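Colleague: I would like to go through this predicted model with you. Please take the questions one at a time.

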Amino acid sequence: MRRTLRDELAESTPHGGLYLRRLIRAQLSLSLVALVAFGGIVGALPLALLLLPGLEDVAVLGIPLPIVIIAWPPFLLFIAIAAIYARRAAALEESFRDLVEPPR
Amino acid sequence: MIALGAILAVTGATIGLGLYGVRLARTTSDLFVASRAITPWWNAAAISGEYLSAASFLGIAGLQMKLGSVALWLPLGFTAGYLALLLFVAAPLRRFGAYTISDFAEARLGSPRLRVLAAWVVLGIAGFYLVPQLKGAGLTLGEVTGAPYWVGVVAVGAVVALNVAAGGMRGITYVQAFQYWTKTFAIALPACLLLIHLGGLPERAAMFGRELPRAPASGLVVELAEPQRVTFPAATDYAVNGTPARASEGEERTLPSGEIALPGRAVVPVADGIDAQRGEDWARPVDDSGPTSLVFVYSLLLATFLGTMGLPHILVRFYTNPDGPAARRTTVRVLGLLAMFYAFPVVYGALGRVLVPELYLTGATDSVVLRLPEAAWPGLGGELLGALVAAGAFAAFMSTASGLMVSVAGTISFDLWRRGAAPVDVRRRRFRLSALAGMLAPVVLALVARGLDISVLVGWAFALAASTFCPLLLLGIWWERLTARGAAAGLMAGAVAATGAIFAGLAIDDTHPTIDALLTQPAVISVPLSFAVMVLVSLRTGVGRPAADAELLALHAPEGLGLDEPVAGQRAPA
């Protein structure tokens with residue numbers, strides 16, 4: 001009798017381990033992409049604000065732009081990255097599930 | 001008196017709901033099975049409720065008033081921490097079935113000794129985090145009733161310890177969710193009303209322009225309880241207990257206790273440890289050097305981004321999610337709820353500069369959130385809003401301190417007390433004794449640490465968590481070659497580097513500004529160090545180890561395949 005992928009995973013065979021590690025790598029790459037998107041924007045903020053002192057002279061509703069930039073918009077960015085990531089991660093799991101139990 | 005009533009009401013509601021909730025859960029069904037039915041929104045509100053502490057409620061605005069807009073990086077980092085948790089930890093850890101880091105350490109790496117080491121680190125982080133909660137309590141009770149500082153510290157310490165020992169606040173989701181909405185309402189309503197009342201931002205010159213903080217046109221009278229060393233940023237007339245005096249620009253003096261009076265529009269002298277800043281300097285979120293330097297900002301962001309996942313009371317809450325994807329959905333909602341709360345502290349920090357400049361003189365900037373409503377509306381309206389804010393602040397200390405105490409008591413009674421099987425009633429007695437004993441050290445430290453800013457104290461807890469548990473979790477989940485020895489070496493290296501820097505920073509004063517910044521916020525060095533030690537020691541000690549397939553499977557295999565039997569999680573959290 002041919003062993004299913006689920007058996008191989010449950011018994012930790014080399015073949016099962018290969019599939020498992022492929023899933024882990026895919027999940028990790030997705031997380032790292034999201035991290036780079038987040039880190040690229042938020043990580044650049046302190047340096048950008050330091051290098052662009054002209055922003056201080058711009059006011060939005062009477063508040064200097066640097067304060068406006070760090071006080072509110074990044075939170076919306078976090079939520080957006082988080083929501084997109086959560087959907088993609090679930091989709092990766094879904095395709096792994098299909099691999100182990102092919103849909104009939 | 002209204003405020004005291006509001007505080008007592010919130011405290012009573014918390015204790016009552018907690019005890020009632022435990023009884024309800026015991027009589028209906030098992031607490032944790034019952035919790036599984038909770039929707040992601042309830043869970044998210046509960047997580048946010050436990051997370052928003054004195055540092056968020058009082059500390060951000062206080063530090064913002066004192067140091068300037070550099071404090072605005074704090075809420076950003078506090079929230080981003082949940083993004084890191086979402087990307088790397090939430091779903092795998094939920095699947096693994098570990099809900100304390102000690103559980104995770106032992107189950108993933110198979111080392112009971114690592115569990116004990118992790119338990120000590122839990123106590124260190126929880127201690128750093130409990131002290132500012134108690135400081136906030138002492139401050140708030142003092143503001144509201146005029147009681148001495150130690151009264152609030154001891155009272156809240158005792159209430160929380162007894163409550164946890166009695167079995168209340170056992171991770172009851174609905175209580176924590178109630179705390180979240182209390183806090184958000186308490187900080188949002190006065191902030192919105194203030195902006196409407198003032199018709200926008202008053203006196204922009206003092207906030208963002210070339211002005212130093214000044215007394216209002218009608219003059220300023222401040223009661224000093226004890227003598228205060230101050231610097232006069234400008235030549236100023238003033239009076240001490242009715243005796244006129246004059247200080248020249250830049251002069252340092254020790255003001256005696258009693259009534260200090262400043263004439264209208266006088267530049268306010270600043271307490272020792274505060275720099276008088278013009279609005280435009282105060283408004284700048286990052287600077288070339290000094291306490292707002294780039295190094296400090298990045299180190300702070302790193303500590304908060306990576307430290308959140310290592311706070312002892314945070315991961316436990318994720319256990320009430322039914323599975324990995326639900327843990328992710330919950331975390332996305334947490335980000336939304338935190339964003340909603342963190343939109344408001346900035347209003348208090350900025351308006352405080354204009355409306356309660358006397359806090360620069362007394363040095364008590366941490367109480368700006370509590371003071372602002374009554375400063376804006378003398379009379380009943382201000383008193384009512386002040387009571388609301390004080391109640392919100394108490395909700396913040398109670399929820400965070402209780403969550404931490406549950407972790408501390410569980411850690412002492414289960415991980416550090418004599419191991420091995422014990423009857424339920426023995427374990428329960430140990431848990432209670434641990435809760436009472438575990439509160440002693442934080443109370444003593446809080447009495448000593450009165451002069452330190454709440455946000456600075458909390459920053460240390462984050463730095464320690466980021467330098468120890470963050471590498472353990474990230475490498476443990478994503479890198480199969482991590483060994484118990486590597487993890488232990490990394491934990492110790494990170495803990496020693498972070499606490500060593502913090503205590504050195506307390507002992508040493510006025511070295512190079514960059515070194516000062518690193519000693520205050522060491523994460524940018526201690527986190528990479530801990531990662532490096534874990535990886536290098538693991539590579540040296542891990543030769544010839546069998547692969548960790550079973551653990552990887554439990555962490556990463558999707559649900560519903562019959563593969564996701566949890567490895568850890570044999571014990572219910574205390």
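Colleague: What is the strand order of the open sheet of 3 strands, and which are its edge strands?

Modeller: The pairing in this open sheet is antiparallel, and the order is β5-β2-β7 (chain B). An edge strand pairs on one side only, and that holds for β5 (252-255) and β7 (270-271) of chain B.

Colleague: Which residue in β6(B) is the bridge partner of B:Val221, and which is that of B:Val240?

Modeller: Strand β1 (residues 220-224) of chain B pairs with strand β6 (residues 258-262) of chain B over 5 bridges, in the antiparallel sense. Strand β3 (residues 236-240) of chain B also runs antiparallel to β6(B), joined to it by 2 bridges. For B:Val221 the partner in β6(B) is B:Ala261. For B:Val240 the partner in β6(B) is B:Ile260.

Colleague: How many residues does each domain of chain B give to the contact between them?

Modeller: The domain assignment of chain B gives domain 1 (2-200 + 280-556) and domain 2 (215-275). Their centres, taken over C-alpha atoms, are 36 Å apart. Domain 1 of chain B gives 7 residues to the contact, and domain 2 of chain B gives 12 residues.

Colleague: Which helix supplies the largest share of the domain 1 side of that contact?

Modeller: By class, the side of domain 1 of chain B that touches domain 2 of chain B has 3 nonpolar, 2 polar and 2 charged residues. The largest share of that side, 4 residues, comes from helix α17 (residues 358-362) of chain B.

Colleague: Which residues of chain A does B:Leu83 touch?

Modeller: Residues up to four places away in sequence are not counted here. B:Leu83 touches B:Leu335 and, in chain A, A:Phe38, A:Phe78, A:Ile81 and A:Ala82.

Colleague: How many residues of each class are on the side of chain A that touches chain B?

Modeller: The contact takes 47 residues from chain B and 43 residues from chain A. On the chain A side, α1 (5-10), α2 (14-51), α3 (65-71) and α4 (73-100) each supply at least two residues. The classes on that side are 33 nonpolar, 5 polar and 5 charged.

Colleague: Why is α5(B) described as largely enclosed by the rest of the structure?

Modeller: Helix α5 (residues 73-88) of chain B has 16 residues and reaches 22 Å from its first C-alpha to its last, close to the 22 Å expected. The helix α5(B) is largely enclosed because the number of its residues that are buried is 16 of the 16.

Colleague: Is B:Thr320 buried or exposed?

Modeller: B:Thr320 lies in the loop between α14 (312-315) and α15 (324-342) of chain B. B:Arg94 is 226 residues away from B:Thr320 in sequence, but 9.0 Å away in space, C-alpha to C-alpha. B:Thr320 has 24 C-beta neighbours inside 10 Å, and the cut-off is 20 or more, so B:Thr320 counts as buried.

Terms used: Residues are numbered from 1 along each chain as its sequence is written. Chains are lettered from A and ligands numbered from 1 in the order in which they are written. This is a predicted model: local features need pLDDT of at least 70, side-chain atom pairs count only at pLDDT 80 or more; totals for chains, interfaces and linings use all residues. Two residues are in contact if their C-beta atoms, placed from the backbone, lie within 7 Å. A residue is buried if 20 or more other C-beta atoms lie within 10 Å of its own, exposed if 12 or fewer, and partly exposed in between; C-beta atoms are placed from the backbone. Ala, Val, Leu, Ile, Met, Phe, Trp, Tyr, Cys and Pro count as nonpolar, Asp, Glu, Lys and Arg as charged, and the others, Gly among them, as polar. Domain bounds come from an automatic or database domain assignment. The expected span of a helix is 1.5 Å times one less than its number of residues. Two strands pair if DSSP finds at least two bridges between them.
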